[in-house]
Each structure stands twice: as structure tokens, then as C-alpha cells.
Amino acid sequence: MNANDIVSPENLVYAKPELMNDNHMHYCPGCSHGVVHKVIAEVIKELGLQEKTIGVAPVGCAVFAYKYLDIDWQEAAHGRAPAVATAVKRLLPDRMVFTYQGDGDLAAIGTAETIHAANRGENIAIIFINNGIYGMTGGQMAPTTLSNMVTSTSPDGRDVQMMGNPLKILDMLALLDGVCLATRTSVHTAAAVKKTRRMIKLAFENAMAGKGTSIVEVVSTCNAGWKMTPAAANDWMVENMFPMYPIGDLKNI
């Protein structure tokens, strides 16, 4: 290891990103959101886009991103972040515009907005946090909830005959011509965090280069909603979430 490796942003473990403010995070211990926030802050700083970045956050745990990242933000109604991001990017084409959304928001009430923005190839990046549950509002079943998974609204487990199958929305989006990047990552290990960082950086670069829509799905935990310790939630995610939502690129052009 040389000196450049030691100071490389990808090798910084404990340093606080310059774009993160001093507000104490409200997220539950073990939540993936804080890690993803850190990664986004590092990427924006590395690309020199602090003054050009506009984030769009809708309803859910994701909405509080504006409290922690020192960039311009626009709030959106539940599920409407891709529509709002479309307007922002078209009015300000020189800006780096991204949405930060949970699975209940993006894959449920926002399904139409997500699909049509991606189908148009809007030059935005979508950061999609998939923990298979409505984390903020009480742990209800989401479109991404696994078969037989227990939630507050499926106490006997998700019955696919009654409630449908888990929605693999990234697979759907990857089929659209307007999408240039569709990838799944995670943040449960140091190596996974580094991969997520590379993919978010690529998504932001794509948006600025006018290549179309990029979606980075981060398969995550909700240990509070899952009623598990953070360590147990990570293990459960690897064993149960990853087979349904495999890590890796679905599309990268």
C-alpha cells in the first residue's frame, strides 16, 4: 500500500465526508440509510458537484436525507420523485439531479412515475433503497416483501396467491431503452460499500453525460421493522433477500 492508497476516498473508513452536516442521524442503529448517505456525500465531493447537485426526496425514511447532506434538495409527494426530478433536470440541464427513494415509495405508489421517467430516458440517477418493508410507517408489507415474509400487515407471511409475488422492479426497468444503468448493490460489508460507491459514482456521471436514466438498487436491512438485531438482519438479508434480489449489474451501457 502506498501513500496515495491511504488517502484515497475509497479507503477512508472513519473520516466524516465534508458534505455531511453535524445533525445527529435519527435512523435506527444498524440502518443502511446512514451508510448510503455517506457514500453519496463522498461521490458528490469527489466529482466536484456540490454546487450543481439537486437531490429529490419523497415520503418515507428517505425524506430526511435533506437533514444530513449539504446540497440543494427538493421534497416530492409520495412516489413522485422521478416526476419532480424530470422537471428539475429539464429546467436546469447542467445540474446533477438524483432521487433517493425507498421500496414502498418507488415500487408502490410511485411505480408509474418511476417506469415512465426511466422509459423516457430522463438524465437522472435514482438511488433505490430496498429493504422489503415499509420501514417508517410501521413495518407494513411492501411490493418487495418476500414470499412468506412476516410484516405488520401480513402477520402469517406474504401469501402470493392473495397478495401477489414480490416485485422485482429493477428487472423491469432494465428492459427499458431509456435506462443505461440498472444495478443491485448492498452496504453490509466494506467490500459491498466500495462497490456501491462505484455504482453511484457511475450513475451520477451518466446523468451528467446525458446517457439516460441510471438506477442503483441498494438491497438493505430494516432490523427494527424485521424485529432483529443489526447483525442478525444482515445475515437474514444475505440468506433471504439476495436470492430474490441478486447483487450485480442487470444493465450497464
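**Chat about a strand and some helices**

Mentor: Let's start with strand S1, residues 53-57, which is mostly covered, with five of its five residues buried. Keep in mind that this is a predicted model.

Trainee: Okay, which residues sit on each side of S1?

Mentor: Thr53, Gly55 and Ala57 lie on one side, Ile54 and Val56 on the other, and both faces are covered.

Trainee: And which strand does S1 join through four bridges, running parallel?

Mentor: One is strand S2, residues 72-75, joined to S1 by four bridges in a parallel arrangement. There, valine 56 has glutamine 74 as its bridge partner. S1 also pairs with strand S3, residues 96-102, in the parallel sense over four bridges. In S3, phenylalanine 98 is the bridge partner of glycine 55.

Trainee: Nice. Switching to helices: at what angle do H3 and H5 cross?

Mentor: Roughly 35°, and the axes of H3 (residues 81-91) and H5 (residues 111-120) come within 8 Å.

Trainee: Which residues meet there?

Mentor: From H3, Pro82, Ala83, Thr86 and Arg90; from H5, Glu113, Thr114, Ala117 and Arg120. By type, that contact has three nonpolar, two polar and three charged residues.

Trainee: What about H8, how far apart are its end C-alpha atoms?

Mentor: They are 29 Å apart, which agrees with the 28 Å that its 20 residues (190-209) should span at 1.5 Å a residue.

Trainee: Which H8 residues are buried?

Mentor: Among them are Ala192, Thr196, Met199, Ile200, Ala203, Phe204 and Ala207, and Arg197 is buried too.

Trainee: And what comes just after H8?

Mentor: Glycine 210, with a positive phi of about 70°.

Technical notes: Residues numbered from 1 in each chain as written. Predicted model: local features only at pLDDT ≥ 70, side-chain atom pairs only at ≥ 80, totals over all residues. Heavy atoms only, no water. Helix = DSSP H or I, 4+ residues; strand = E, 2+ residues; numbered from the N terminus. Expected span 1.5 Å × (residues − 1). Buried < 20%, exposed > 50% of the residue type's maximum accessible area, 1.4 Å probe, protein only. Axes fitted to C-alpha atoms, helices over the stretch in contact; angles between N-to-C directions. Contact = heavy atoms within 4.5 Å. Nonpolar A, V, L, I, M, F, W, Y, C, P; charged D, E, K, R; others polar. Pairing = 2+ DSSP bridges.
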